[in-house]
Amino acid sequence: MASDDGAECLVNCCCCLCAVCTQACIDTDCCGACHSGTGCLIATALSAVALAALVALLVVAYAVVVPVRVTVEEATLGRLALTANSTALAYDMSLAVALRNRNFAVGVRRVAPLDAELRFRGQTFARVRLTGAEQGRIAALGKEVYRVAAMADRSTPVALGGDGVAEFARERDAGVFELELAVVGEVKYEGHRHRRGVRATCPLKLALSTATAPAAFTRVKCT
């Protein structure tokens with residue numbers, strides 16, 4: 001190849017961002033497709049578009065955050081019964097609740113206790129703390145699972161009323177209780193100034209479990 005052609009190829013290789021050494025570019029004419037001015041302009045435009053897309057992706061990844069998702073990974077109900085005067089519920093249960101960080105570039109820090117309430121027909125009958133106020137980090141696209149076991153012969157008094165008592169009896173006889181788990185906490189997304197609240201509601205359908213006959217459970221997404 002003549003020296004003039006070699007110089008032209010060298011210029012075109014730089015234009016096309018050819019990933020080979022300069023001498024190999026000259027010897028093999030690897031960027032011959034860019035010898036025309038139009039080809040070089042197209043390659044430059046495509047490179048600029050790719051770079052702009054990458055910058056935009058990074059800006060979105062760090063400037064816009066996706067809220068953490070709450071899921072109930074496990075729930076076991078060993079006991080749920082009305083007290084003698086039908087004003088409170090006794091319970092024995094265990095929970096595994098997960099926080100999922102759905103951001104691929106931003107970590108999440110939990111900055112407040114993660115608490116949960118158990119409800120029957122909208123009435124709270126138990127409050128549990130899934131984890132305390134100590135900070136915990138959830139990596140990008142990661143998750144943390146918080147487990148708790150709780151039981152009480154009496155819980156917070158509940159005003160079920162006649163209809164609520166009748167519904168409780170119906171579900172007890174059917175063998176499946178329809179409960180609601182409300183999760184409340186606070187997190188901070190890395191690179192962002194303000195804290196953001198975590199509030200989620202999880203519908204649960206739980207059958208009573210025993211050591212010899214554990215009830216099946218399917219993971220529940222909370223809203």
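Leaving aside its neighbours within four places in sequence, which residues is Glu167 in contact with? Here are a few friendly notes on that and on the disulfide.

1. A word on the basis. This is a predicted model, in which local features need pLDDT of at least 70, side-chain atom pairs count only at pLDDT 80 or more, and totals for chains, interfaces and linings use all residues. Residues are numbered from 1 along each chain as its sequence is written, and side-chain values use heavy atoms, with hydrogens and water left out.

2. Glu167 and its contacts. Beyond the neighbours within four places in sequence, Glu167 touches Phe120 and Arg121, where contact means heavy atoms within 4.5 Å. Glu167 sits in helix 4, residues 161-174 (helices are DSSP runs of H or I, at least four residues; strands are runs of E, at least two; both are numbered from the N terminus).

3. Burial of Glu167. The relative accessible area of Glu167 is 18%, so this residue is buried (under 20% is buried, over 50% exposed, partly exposed in between, with a 1.4 Å probe and protein chains only).

4. The disulfide. With a disulfide taken as a pair of cysteine sulfur atoms within 2.5 Å, the count is one. Cys202 and Cys222 form it, with sulfur atoms 2.0 Å apart. Cys202 lies in strand 9 (195-207) and Cys222 in the segment after strand 10 (220-221), so the pair ties together parts 20 residues apart in sequence.

5. Its geometry and setting. The S-S torsion of Cys202 and Cys222 is about 105°, so the disulfide is right-handed. Cys202 is buried at 0% relative accessibility, and Cys222 is buried at 10%.
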